[in-house]
Amino acid sequence: QSTWGKRAQLKGHDGPVVALAVHPSGEFVTTVGADSSWAVWSLVSGELLAKVSEASVTSPFTCGELHPDGLLLATGSADGVVRIWKVPDGEVAGSFDSHTAQVSALAFSENGYLLVSGSVDGTVIVWDLRTQTAARTIHLDGGVRRARFDASGEYLAVCHGARVSVLGALHPDSPAHTVVAVWADAAEPVNDVAFGKDASWAVTVSDDRGIRLYK
């Protein structure tokens with residue numbers, strides 16, 4: 001018999017909560033709110049350990065992603081700005097404003113060197129965090145809903161409109177990115193994608209109630 005049940009309800013945001021990520025230690029969770037704040041919670045006690053907001057940030061946060069080392073948090077906002085925050089002290093470590101519309105997806109590579117941001121304007125930007133510059137900008141048809149690296153960081157799957165594009169060669173030293181595959185058999189927008197072990201398969205979900213497996 002299952003023992004799963006609600007153990008706590010954490011309250012700290014003043015609006016919708018749009019993203020969460022569990023710290024690599026498994027002891028903390030970060031949450032990102034549309035009230036332009038983010039917070040760190042203890043998964044052991046349920047205590048609010050830190051809540052960060054900046055008076056200069058007035059546009060709602062729309063997505064968030066935790067760096068693999070748990071020391072940085074990326075947030076995207078409705079005004080197209082991507083910010084990198086130090087966790088948990090809340091200092092802004094970087095800010096990028098190359099999107100022309102809402103940031104809708106964020107993904108770190110497995111080694112933490114790259115951050116990908118996607119927007120409803122159809123752009124995907126690969127940021128090199130070592131230099132804090134845009135390594136490449138990719139234009140896709142349809143607004144981006146989700147972006148996910150595989151476990152190796154070799155491939156990036158992007159949900160845009162009713163399609164999923166799998167991209168490769170994203171490293172800044174590569175002369176150009178490659179399009180490994182395009183899956184376009186959904187009738188309505190694709191909401192999420194996940195890779196299987198060694199990127200040997202992937203699964204997508206979409207507004208047409210479809211759950212599709214690709215190998």
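Reader: In β7, which residue is the bridge partner of Leu72?

Author: In this predicted model, the partner of Leu72 in β7 is Lys86.

Reader: What makes β6 and β7 a pair of strands?

Author: Pairing requires at least two bridges between two strands, and 5 bridges join β6 to β7, so the two count as paired, and they run antiparallel. They form a hairpin with 4 residues between them, and Gly80 in the turn has a positive phi of about 90°.

Reader: Why is Arg83 said to have no salt bridge?

Author: A salt bridge needs a side-chain nitrogen of Lys or Arg within 4 Å of a carboxyl oxygen of Asp or Glu; the nearest side chain of opposite charge to the buried Arg83, that of Asp79, is 4.6 Å away, and therefore no salt bridge is assigned. Arg83 lies in strand β7 (residues 82-86), and, leaving aside neighbours within four places in sequence, its contacts include Phe61, Leu73 and Ser77.

Reader: Why is β6 called mostly covered?

Author: Buried means under 20% relative accessible area, and 5 of the 6 residues of β6 (residues 72-77) are buried, so the strand is described as mostly covered.

Technical notes. Residues are numbered from 1 along each chain as its sequence is written. This is a predicted model: local features need pLDDT of at least 70, side-chain atom pairs count only at pLDDT 80 or more; totals for chains, interfaces and linings use all residues. Side-chain values use heavy atoms; hydrogens and water are left out. Buried means under 20% relative accessible area, exposed over 50%, partly exposed in between (1.4 Å probe, protein chains only). Lys and Arg count as positive and Asp and Glu as negative; His and the chain ends are not counted. Contact means heavy atoms within 4.5 Å.
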